[in-house]
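Please look over the notes below with the model open. They go point by point.

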Amino acid sequence: IAVSDLSSAIDHFSSLLNTPCYKTEEVESQKVTTAFFKLKEQKIELLAATSNESTIANMINLLHRINF
């Protein structure tokens with residue numbers, strides 16, 4: 001799930017899923033930071049851009065332009 005603010009998204013998903021984020025990791029090659037949640041046998045991954053040049057940043061910017 002692509003997010004623009006990882007810290008806020010972690011708080012939101014922790015509350016929503018009633019489970020803490022169990023791991024965060026920076027993936028420099030993709031220019032993102034990831035946060036992981038585990039819900040039973042499923043894993044949920046949040047992705048936030050660490051650079052305006054990342055694919056995630058471009059996708060979020062495109063979605064903002066479409067919505068507005």
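1. Basis. This is a predicted model, in which local features need pLDDT of at least 70, side-chain atom pairs count only at pLDDT 80 or more, and totals for chains, interfaces and linings use all residues. Residues are numbered from 1 along each chain as its sequence is written, and side-chain values use heavy atoms, with hydrogens and water left out.

2. Fold. The protein chain has two helices and four strands. Their order from the N terminus is β-α-β-β-β-α. Helices (H or I, at least four residues) and strands (E, at least two) are DSSP runs, numbered from the N terminus. The C-alpha atoms fill a box of roughly 35 × 30 × 20 Å along the principal axes.

3. Strands β2 (residues 23-27) and β3 (residues 32-39) run antiparallel and are joined by five bridges. Two strands pair if DSSP finds at least two bridges between them. V27 has V32 as its bridge partner in β3. Four residues separate β2 from β3 in this hairpin. In the turn, K31 has a positive phi of about 60°.

4. Salt bridge K31–E53. A salt bridge here is a side-chain nitrogen of Lys or Arg within 4 Å of a carboxyl oxygen of Asp or Glu. The closest N and O atoms of K31 and E53 are 3.6 Å apart. E53 lies in the loop between β4 (42-49) and α2 (55-67), and K31 in the loop between β2 and β3, so the pair ties together parts that are 22 residues apart in sequence. E53 is exposed, at 61% relative accessible area. K31 is partly exposed, at 31%. The classes are buried (under 20% relative accessible area), exposed (over 50%) and partly exposed in between, with a 1.4 Å probe and protein chains only.

5. Salt bridge K23–E25. The side chains of K23 and E25 meet at 3.3 Å, N to O. Both ends are partly exposed: K23 has 39% relative accessibility, and E25 has a relative accessible area of 33%.

6. Of the 68 residues in the protein chain, 29% count as buried. Among contacts with a separation of 6 or more, 31% come from residues 24 or more positions apart. Contact means heavy atoms within 4.5 Å.
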